[in-house]
Amino acid sequence: MAENFDLLGDPIPENWGKRGRPQHIATQKNRSKVMMLLAMGWSVERIAQALGITAPTLRKNYFRELKVREDARARLDGALADRLWTKAMGGSVAALKEFRKLMERNDLMLGQHQFYHPQPEQKKKDPKLGKKEQAALDAETAGQDTGWGDDLRLN
């Protein structure tokens with residue numbers, strides 16, 4: 001079946017020009033565009049405006065892309081790094097320079113993340129005590145952090 005395309009390269013729906021609003025057809029090009037715009041932090045309403053559809057239509061036709069909104073930036077950065085690496089290994093000096101810049105930004109980002117979000121030190125867990133051992137320990141340390149001091153000791 002031969003499909004007709006409009007001036008922007010999108011397929012023309014079957015009911016085009018007939019009564020009612022034509023059905024939106026989700027193309028791979030639009031899916032990629034939605035993922036790119038999600039990675040850039042655009043809202044659903046703004047993405048819908050860019051595609052020329054309503055927000056409910058966007059949610060209906062691109063729900064898989066919207067579901068992985070949090071991963072969109074990482075996926076876009078990964079695709080960019082992969083493309084640059086492929087070009088750099090092919091001999092492109094410009095791609096090699098851009099890949100180096102990407103690596104420096106990545107190292108800077110990792111350093112900032114480690115500086116602002118240090119890993120908490122792992123505390124050793126105290127051994128689990130039985131009832132009698134815990135009672136004896138509580139009796140020895142009774143009143144230590146209070147004003148009573150050594151007044152509660154039997155010595």
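**Note on the predicted model**

1. Glu-98 and Lys-101 form a salt bridge, with their closest N and O atoms 3.5 Å apart. The term salt bridge denotes a side-chain nitrogen of Lys or Arg within 4 Å of a carboxyl oxygen of Asp or Glu. Both Glu-98 and Lys-101 belong to helix α6 (residues 93-116), where they stand three residues apart, about one turn of the helix. Glu-98 is partly exposed at 36% relative accessibility, and Lys-101 is partly exposed at 43%. Here buried means under 20% relative accessible area, exposed over 50%, and partly exposed in between (1.4 Å probe, protein chains only).

2. Some conventions apply throughout. The model is predicted, so that local features need pLDDT of at least 70 and side-chain atom pairs count only at pLDDT 80 or more, whereas totals for chains, interfaces and linings use all residues. Residues are numbered from 1 along each chain as its sequence is written, and side-chain values use heavy atoms, with hydrogens and water left out.

3. As to the overall fold, the protein chain contains seven helices and zero strands. Helices (H or I, at least four residues) and strands (E, at least two) are DSSP runs, numbered from the N terminus. Of the 155 residues of the protein chain, 19% count as buried. The accessible surface of the chain comes to about 13600 Å², and carbon and sulfur atoms account for 54% of it; such areas come from the Shrake-Rupley method with a 1.4 Å probe, and for residues only the protein chains shown count as cover. Among contacts (heavy atoms within 4.5 Å) between residues at least 6 apart in sequence, 34% join residues at least 24 apart.

4. How many salt bridges does a search of the whole structure find? The search finds four. Side chains of opposite charge can pair when their charged atoms come close. One of these salt bridges joins Arg-59 to Glu-45, with the closest N and O atoms 3.7 Å apart. This pair links distant parts of the chain, since Arg-59 is in helix α3 (residues 55-61) and Glu-45 is in helix α2 (residues 44-51), 14 residues apart. Arg-59 is partly exposed at 41% relative accessibility, and Glu-45 is likewise partly exposed at 44%.

5. A further salt bridge joins Arg-73 to Asp-77, with the closest N and O atoms 3.5 Å apart. Both residues lie in helix α5 (residues 69-89), four residues apart, about one turn of the helix. Arg-73 has a relative accessible area of 48% and is partly exposed; Asp-77, at 33%, is also partly exposed.

6. By class, the lining of the second largest pocket has five nonpolar, one polar and three charged residues. In this scheme Ala, Val, Leu, Ile, Met, Phe, Trp, Tyr, Cys and Pro count as nonpolar, Asp, Glu, Lys and Arg as charged, and the others, Gly among them, as polar.

7. Is Ile-53 buried or exposed? Ile-53 counts as buried, because its relative accessibility is 17%. Ile-53 lies in the loop between α2 and α3. Leaving aside neighbours within four places in sequence, Ile-53 is in contact with His-24, Ala-48, Leu-58 and Tyr-62. Ile-53 and His-24 are 29 residues apart in sequence and 7.8 Å apart in space, C-alpha to C-alpha.

8. Asn-61, in helix α3, also has His-24 as a contact, together with Ala-26 and Arg-31, when neighbours within four places in sequence are left aside. Asn-61 counts as buried at 17% relative accessibility.

9. Met-40 lies in the loop between α1 (28-39) and α2. At 49% relative accessibility, Met-40 counts as partly exposed. Met-40 and Ala-72 are 32 residues apart in sequence and 8.5 Å apart in space, C-alpha to C-alpha.
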